Amino acid sequence: MSFRIGSSLGAAGLLLAGATLNGSGHEGWSTAFAAAAGVLAVGAGVLHREWRLSIPLAGTAFVLTVVIAQFNPRQGDLVLQVVGLALLGAGGAIGGLAYRSLADTIDRQGRDLQLKHRAFLAATSDAEAAAPAGDMSALTSNIARQVGADIACCYLATGDSRQFVPQLPGVGLDGLHAMTINRSSNGSGAMLTSVEAGRTYSAVGNGVLKELFNYVPDDLQVAGALAAPMPIGDRIGGFILLGSRVGPFTDDDRRLATTLTLRAAAQIANAHAVALSLKESARYSLINELVREASGKTMDDALELVLERGKEVIPYDAGRAIIFQLGEQTEEPLTRVRDGETVLRNAVTEEQQTFSGLRLETHAVTVNEALIPIRGKTGVMGALCLGRRGTSSFTQHDVAALDELSSMAGLAVENSRVLQVVTGQASRLDVALDALGEVSQALTTVTQGALVLEEKTLETAIRVTNGAAGLITRSTGEGRQAVIMCKGFPDDVDWMEFQNGQGLIGAVMLSLRATAPPDLAAYGMQAAICTPMLEAGRLWGTLSVFDHNKREWTAADQRVLATLANQGVVAVRNAELYEKNERSIWELRNLQEALQAATSTLDLNEVLQQVLAGAAKASSAQIGCLALEDSGRLVLKGGFGTDHATAEKLALDLGGDICRRVMESGEPVMEARVQESQAESPLNPRAVLCVAIVLRGKPLGVVFLANYRLGHAFSPDHRNLVTELATQAAVAIDNARLFKDREEVIFQSLVALARAGDAKDRYTAGHADRVTEYALMIARQMKYAPQDQRAWLRLERGSRLHDIGKIGVPDEILTKTGKLTDEEFEKMKSHTTVGFNILSVLKMLTDELVIVRSHHERYDGKGYPDRKTGDELPIFAWIVSAADAIDAMTSDRPYRRGMSLEVALEEVRQGAGAHFHPDVAEAVLDAVANGTLALMAQQSMHPDAPMLGAFENPVA
């Protein structure tokens, strides 16, 4: 701006000075001519960039000034007049620059204003009227039109937020097949990473399309691409992909796309919110109903009702309520709950305690828990412990419903406490009887687990005696008493041991009767009582209760504790026996499942993997390896829990001595490392178990298992279970090996049979081999089944056997040099069904049967024998169909000469979508263009044969 103002003022000053000097000394007619010369000089300055115009104008002005001086008798100073012309020219040049700068600025701002006006109109248009929230096709089309995109597709997240699903048909997706995208926390590419982070992504080129489409043709070029995320609440609910073939998107396009996408997300979210509001109303009605039903009940009944009806608020499989006692020490998850935090525990491991009543080994493969604080007027009073089986975990989306359930439980507990005070129900005798009843019931409720019953016994003892802390000890093999459960004591008391006569517990060990010493000041306790827990007259352990205040323990206290102790021993021992039995059942079930899985298939690789997975599961191993003997050495055949290279190094390098020892002796080896190591890694396990796979007294290989967790060494039960599994699995492995050998023999016989069919017609000799190679070339271009080697094997087999049915076509038809009659051609076409019937009795063939029967089908449904169309056949059938057609077109026949590759490609291009699958046709053209596919050399049998159409039937 300052430049233009300065330039304008400078130009005005130069023009004024130049006009003054140029007009000096002129009168009458000379003044008019001097003014004309001045105008020419100004014009020359304005047009100084166009020298072809500015130089003649300047010269004319100078000549005119000189001529005026010759004919004007009163001529002034000619030099001053020439200087005036120069100043006028300079003023014109500077003024022209200022004008052009101003005009450029106005033009640029006008264009920017037009773009912003377009964006404003698009962003403020009535989107709801143009595209309803449920019509994703209309929403996508509207955004593409507003932004000016040639390609557009909307992707929405699935209900479990694990995938993005394309909402077809989209815009401009002809020839492209959008695929479902698996989500991950950090995305799987630059575009998806940006979308997951909530940022609009822009790029140039085809890179974005390769993340989202199965196959991008070589002739599709995208100049610019945008991916705008659709935030719905606190998560990414999807994204809009936009592409432009013309040029890259500008920043204004990016902002407009982001705005339109956000508005589309808001429309979807609003529609979803309306549906949720109805659901929320129903939930609030249920909560009010639950509170009314819980009113007037005892605390336990109220909490039981809350847990029963709470499943209508939020689904769960099991629940348990815990009421905290004053001064009670709680475990880490419950400590956080006691501090007012809602704790979500997903995929609880075997080492972790469960609180909801679900047990990992018995009730579920995976246990998920939510621990919710029960709040009252004085703070957190207890916890609701809810559990779910399997993969249905608790998430942050459940927190609101959990808090509502917590509030309801808190109100129920408060009402119960008020009811107890008003009605006088909370007598000490009632509490004691209730507690004894709970423990008595536990005698038949062994599924709760020994640890839960020990905890319940101790909690009940503290509660019925109004104590502050308690201990349960158990006899050890050395004749001592070790603490196995404590409440109200610091952590250093856990697993503390006592000898005969040592302190309170030692005295009970000697006397086998309840004892009440005067005090235990070391732990801040002023009173204590301890009673023995007897099993068949022998000391099983002790039960102790402590109090912070000095008190006298009554005979009733001793009787209640003695009853609790004796009943607690019975309940815990029954639970331990039940757990042991359940563990045995679980191990046998794993053995049965592993053997059933191993014997359910004859594929050797699958058998080995099933055996290894079953052994690892049965022994709770973290890493497993399976190696088989081959030519005098062990070869790794499978790994579990790690990659192939690590498994091979672990089992055959570092564990090579152990494996060789097991192979030589046939006896299992089980070792464990107790001490800590400075180099903890997958190659330094804490425990290993190696078992031989033996068949008829001869070792076939070994199963090598490893564990890395402290305190998880393999047990004799693990060794016996894995040994039994390996022994029984040896038969399945041997059967799979025999089946694999038999399968190879059968296939080679079929190949020989197919080649015999080719040999009957010397003009088709080598046809099956060439079709196989062409099919593999096309499949590689299409990146077919990159992770499935068995699929490639089936494709190769099917290609080699595709014409095996010609063995059933009469020789006179196969070898006929002239055109076939209609009847003869029908017999020739029957080779597809003849081949299918020959091979259909072989259960080992799957994809191969489809190829043999359908390699002459057409994409438009005009082929034979079943007239199937595009989507009715898998892609591998269309690959072989194209390969068969390419060889047929480029090979000589008695009735026509083979085409050149260029002519054959033109036939493929024209037949795309009619004769050929469009994706396969596109891949053939691209493969030839990049050199992946080339014709295989073959000897011409009829170089002088006439040219016919590519697919003309050779009939008379």
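Analyst: A helix here is a DSSP run of H or I that covers at least four residues, and helices are numbered from the N terminus. The model is predicted. By that assignment the chain has 29 helices and 20 strands.

User: Which residue follows helix 14, and what is its phi?

Analyst: The general idea is that most residues other than glycine have a negative phi. After helix 14 comes asparagine 466, with a positive phi near 55°.

User: How many residues does helix 14 have, and how far does the helix reach from its first C-alpha to its last?

Analyst: Helix 14 covers residues 450-464, which is 15 residues, and spans 21 Å between its first and last C-alpha atoms. That is close to the 21 Å expected at 1.5 Å a residue.

User: Is helix 14 mostly covered or mostly uncovered?

Analyst: A residue counts as buried when its relative accessible area is under 20%. Eleven of the 15 residues in helix 14 are buried, so the helix is mostly covered. Among them are Val452, Leu453, Leu458, Ile462 and Val464, as well as Glu454, Glu455, Thr457 and Thr460. Across the chain, 44% of the 956 residues count as buried.

User: In helix 24, which residues are buried?

Analyst: In helix 24, residues 822-829, the buried ones are Phe825, Met828 and Lys829. They lie on the same side of helix 24 because the arc they cover around the axis is only 95°. Their packing partners are helix 23 (811-814) and helix 25 (831-839).

User: Threonine 832 lies in helix 25. What does threonine 832 touch, and is it buried or exposed?

Analyst: Threonine 832 counts as buried because its relative accessibility is 0%. Its side chain reaches the backbone oxygen of lysine 829 at 3.2 Å. Leaving aside residues up to four places away in sequence, threonine 832 touches Val852, Arg853, His855, His856, Tyr864 and Pro865.

User: What kind of peptide bond joins tyrosine 864 and proline 865?

Analyst: As a rule, most peptide bonds are trans. The bond between tyrosine 864 and proline 865 is cis, with omega about 10°. Proline 865 sits in the loop between helix 26 (847-854) and helix 27. A cis peptide bond also joins leucine 168 and proline 169, where omega is about 15°. Proline 169 belongs to strand 2, residues 163-171.

User: What is the phi of arginine 867, and what is the phi of serine 631?

Analyst: Arginine 867 has a positive phi near 55°. This residue is placed in the loop between helix 26 and helix 27. Its relative accessibility is 53%, so arginine 867 counts as exposed. Serine 631 also has a positive phi, near 55°. Its place is the loop between strand 16 (623-630) and strand 17 (633-640). Serine 631 counts as exposed because its relative accessibility is 72%.

User: How many residues has the largest nonpolar core, and which have the most contacts inside it?

Analyst: In soluble globular proteins, nonpolar side chains tend to be buried together. The largest nonpolar core in this chain has 39 residues, and those with the most contacts inside it are Ile778, Tyr784, Leu795, Ile879, Val920 and Val924. Two or more residues each come from helix 21 (767-781), helix 22 (789-801), helix 27 (875-890), helix 28 (901-911) and helix 29 (918-929). Helix 27 gives the most, with ten residues. As one case, valine 924 touches Ile778, Ile886, Leu905 and Val908, again setting aside residues up to four places away in sequence.

User: What share of the contacts in the chain with a separation of 6 or more comes from residues 24 or more positions apart?

Analyst: Among contacts with a separation of 6 or more, residues 24 or more positions apart account for 63%.

User: Where in the chain is confidence lowest, and where is it highest?

Analyst: The chain averages a pLDDT of 77, and 74% of the residues score at least 70. Confidence is lowest in helix 5 (residues 127-130), at a mean of 44, and highest in helix 29, at 93. The pLDDT is below 50 over residues 126-130, and this stretch has five contacts in the model beyond near neighbours in sequence. Residues 949-956 also have a pLDDT below 50, with 24 contacts in the model counted in that way. Where pLDDT is low, the predicted coordinates should not be read in detail.

How values were computed
Residues are numbered from 1 along each chain as its sequence is written. This is a predicted model: local features need pLDDT of at least 70, side-chain atom pairs count only at pLDDT 80 or more; totals for chains, interfaces and linings use all residues. Side-chain values use heavy atoms; hydrogens and water are left out. The expected span of a helix is 1.5 Å times one less than its number of residues. Buried means under 20% relative accessible area, exposed over 50%, partly exposed in between (1.4 Å probe, protein chains only). A nonpolar core is a set of buried Ala, Val, Leu, Ile, Met, Phe, Trp, Tyr and Cys residues joined through side-chain atoms within 4.5 Å. Contact means heavy atoms within 4.5 Å. The arc is that of the directions from the helix axis to the C-beta atoms. pLDDT is the predictor's confidence in each residue, from 0 to 100. A polar contact is a pair of N or O atoms within 3.5 Å; within protein, one must be able to donate a hydrogen and the other to accept it, and residues adjacent in sequence count only if both atoms are side-chain atoms.
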